[in-house]
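Take a look at the model below. Let us walk through two of its features, one at a time.

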Amino acid sequence: MAGEKFPRGRFFLMLSAFIGAVLCITGYTLWLLRSDALASSFQQSALMARSFENALTQSLNATGQAASQAVSVARGKAGLRDVEADFAQILRGAPHLRSLSLINSQDRIVASSNPANVAQQVPTSDYLPLIHGPQTVLRLGTPWLGRDFAAGRAAEVGVGAGAATDGVSTLIPATLPLQGSEGLRLLVALNPDYFVNQMAQQLDGPVGMVEVLRLDGARLMTTNPEMPVGQTAYGKALALRFQEREFGQFEAELGQATLTAYRVSTLYPFVVLTHLYREVALARWVTEVTTVLGVLIPVLVVLSFLAWGLYRRQWLLQLQRAESERLQRVNAAFVFTHIREGILITQADGSIIDVNDAFVRITGYSRAEVLGKNPRFLSSGRQDKAFYEAMWSELLATGQWRGEIWNRRKDGEVFAELLTISAVPDSQGKVQQFVAVFNNITAIKAYQDELEHSARYDPLTNLPNRVFLADRMRSAMTQAQRRQLLLGVVFIDLDGFKAINDHHGHEAGDQMLITLAERMRLSLRESDTLARNGGDEFVALLADLAAPADAMPTLERLLEAASQPMDWRGQTLTVTASMGISFFPQASKRTRDELLHEADMAMYQAKMAGKNRYHLSPGPVVPSCSEPVL
């Protein structure tokens with residue numbers, strides 16, 4: 001035993017060294033991947049900052065040139081009103097502007113594309129860059145809250161100052177010099193929503209955000225509506241960095257860690273900052289780490305236990321296999337005996353070798369009576385030879401068959417069962433046994449038939465109800481078109497039925513409906529249909545009529561059947577019927593509802609003509625044979 005300890009210890013030492021080396025290499029590789037992911041995200045952030053800065057700079061440059069040109073052209077015109085008209089013309093093609101105005105040396109607007117801005121005082125002393133003397137470059141102010149100067153106010157500037165932009169319109173003021181304008185300057189109201197929307201289209205909110213700051217750190221616009229504008233965002237340290245370098249990158253904390261790149265405008269006093277959330281940037285790397293570790297750690301754990309557990313594993317597997325086989329035998333015997341489903345086991349030739357107690361209970365045959373027999377002795381005769389051939393063909397092809405079948409108990413009662421037959425092959429794939437498991441579903445089938453009958457038949461008269469009538473009528477209309485014969489739709493309403501209900505009670509009325517329904521049904525042909533439409537209304541479908549006149553004998557029989565008296569507890573009760581009939585097909589294509597409505601209207605005409613008669617639609621009222629023609 002002592003000689004065995006050294007090789008085992010040396011093996012575990014080598015295994016530990018191997019695992020340590022794998023972990024070190026994996027950790028170094030994942031660290032390199034993380035560095036690459038951060039560098040790629042910083043590069044992407046820098047490219048986006050440069051793109052946004054170029055777009056904003058070009059928009060400001062184009063705006064200044066267009067407005068200066070407009071003022072120069074209008075200088076020789078009638079006056080400031082012409083300048084305002086030119087400004088309004090410029091705004092039509094400049095969605096990034098809210099207004100263009102002229103402002104005098106006292107910071108008061110003297111002309112504007114928005115007349116409401118005229119005479120508005122707009123202080124510009126704190127605009128950047130600060131100047132001493134005449135203005136020669138574009139200067140940026142702090143944001144205003146509102147759509148324009150007339151209805152807005154300047155946002156407060158300072159650390160912690162400002163207002164959230166969610167749902168609040170803002171503008172960014174900027175002034176530009178005008179040569180030879182006698183103290184007038186151009187005042188531009190930039191529309192930050194335009195630029196924010198462009199930025200948001202390129203950088204989704206869950207991925208990051210964009211800010212535009214003045215060089216003193218005051219926030220001009222942002223794609224994050226929860227950040228206040230006008231606020232001095234990051235203090236003087238960052239403003240000094242903007243003055244030292246035109247571009248750069250760093251990590252920041254804005255509620256969550258970000259990878260930030262900035263770009264200072266080459267012409268104007270603003271800087272664009274693009275923030276990519278580090279968590280999003282590293283999401284793919286985290287997934288890779290999770291995947292690698294999820295695969296590597298289980299492999300290493302398995303390798304760690306493989307050496308010292310190999311000899312025990314074989315021994316444990318043998319014990320487990322023996323115990324599993326014992327439990328399977330116990331469980332199989334328990335299930336076979338106590339399961340509620342009947343179980344039948346046959347040899348490959350079909351002779352029964354075992355059944356369980358549920359089989360005995362369901363079929364009535366004892367185990368001794370069925371051993372050695374073929375299960376075909378249970379056949380009820382309801383399934384034909386083709387059914388059993390298809391069943392065995394599927395069973396031999398797929399190894400399983402499942403379906404419903406009717407068998408016969410020992411006492412002769414036929415019952416329905418849901419049967420599953422499975423083939424049990426040996427190791428070479430040859431079938432050795434068949435196992436059949438079945439449930440007695442006779443009660444379920446009877447309940448389903450009862451539900452289907454109640455859904456399609458009237459519970460009082462046992463005639464087809466309105467739902468079943470629609471199916472019958474659809475089929476009859478199809479057959480009429482195929483056979484090129486007529487279908488008669490007869491709408492029947494009883495005359496005087498309400499008086500029977502009122503004077504003799506609903507029990508007498510129900511008995512009258514049952515009696516008349518049976519009489520009228522017997523007066524029809526085998527191919528015809530009588531249905532109860534509701535209340536004391538019935539509908540008869542007369543099929544295969546060569547001409548409308550062929551329906552009249554049946555209508556006469558219906559009238560006679562309806563008018564026969566009924567004895568009710570020693571009293572004679574009598575009603576009659578009014579009937580209307582429509583025919584299909586007609587010159588114009590008709591629907592089921594149209595045919596029923598037409599027959600209903602014809603029945604109404606029969607009632608108006610004196611009742612106890614029928615009316616063909618279209619056609620005259622035809623009285624019953626028992627009454628004179630009116």
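We start with a sheet and then turn to a pocket.

This is a predicted model. Find the open sheet of five strands. Reading across it, the order is β10-β9-β14-β13-β12. The pairing is antiparallel. Which strands form the edges? They are β10, residues 219-222, and β12, residues 247-253. Each of these pairs on one side only. The sheet also twists: the average is 25° from one strand to the next.

Now zoom in on one pair. Strand β9 covers residues 208-214, and strand β14 covers residues 270-277. The two run antiparallel, and seven bridges join them.

Helix α3, residues 192-202, lies across β9 and β10. Its direction makes an angle of about 50° with β10.

Next comes the empty space. Rolling a probe the size of a water molecule over the atoms shows where such space is left. The largest pocket has a volume of about 540 Å³. It is lined by 24 residues. Closest to its centre are N374, P375, R376, M391 and W392.

Which elements give two or more residues to this lining? They are β15 (342-347), α7 (357-363), α9 (385-398), β17 (400-408), β18 (414-425) and β19 (431-440). β19 gives the most, with four residues.

Finally, sort the lining of the largest pocket by class. There are 15 nonpolar residues, six polar ones and three charged ones.

Technical notes: Residues numbered from 1 in each chain as written. Predicted model: local features only at pLDDT ≥ 70, side-chain atom pairs only at ≥ 80, totals over all residues. Heavy atoms only, no water. Pairing = 2+ DSSP bridges. Axes fitted to C-alpha atoms, helices over the stretch in contact; angles between N-to-C directions. Contact = heavy atoms within 4.5 Å. 1 Å grid on protein atoms, 1.4 Å probe; cavity = no way out; pocket = protein on both sides within 12 Å on 5 of 7 lines; lining within 4 Å. Points joined across faces, edges and corners; volume = space filled by probe spheres on them. Nonpolar A, V, L, I, M, F, W, Y, C, P; charged D, E, K, R; others polar.
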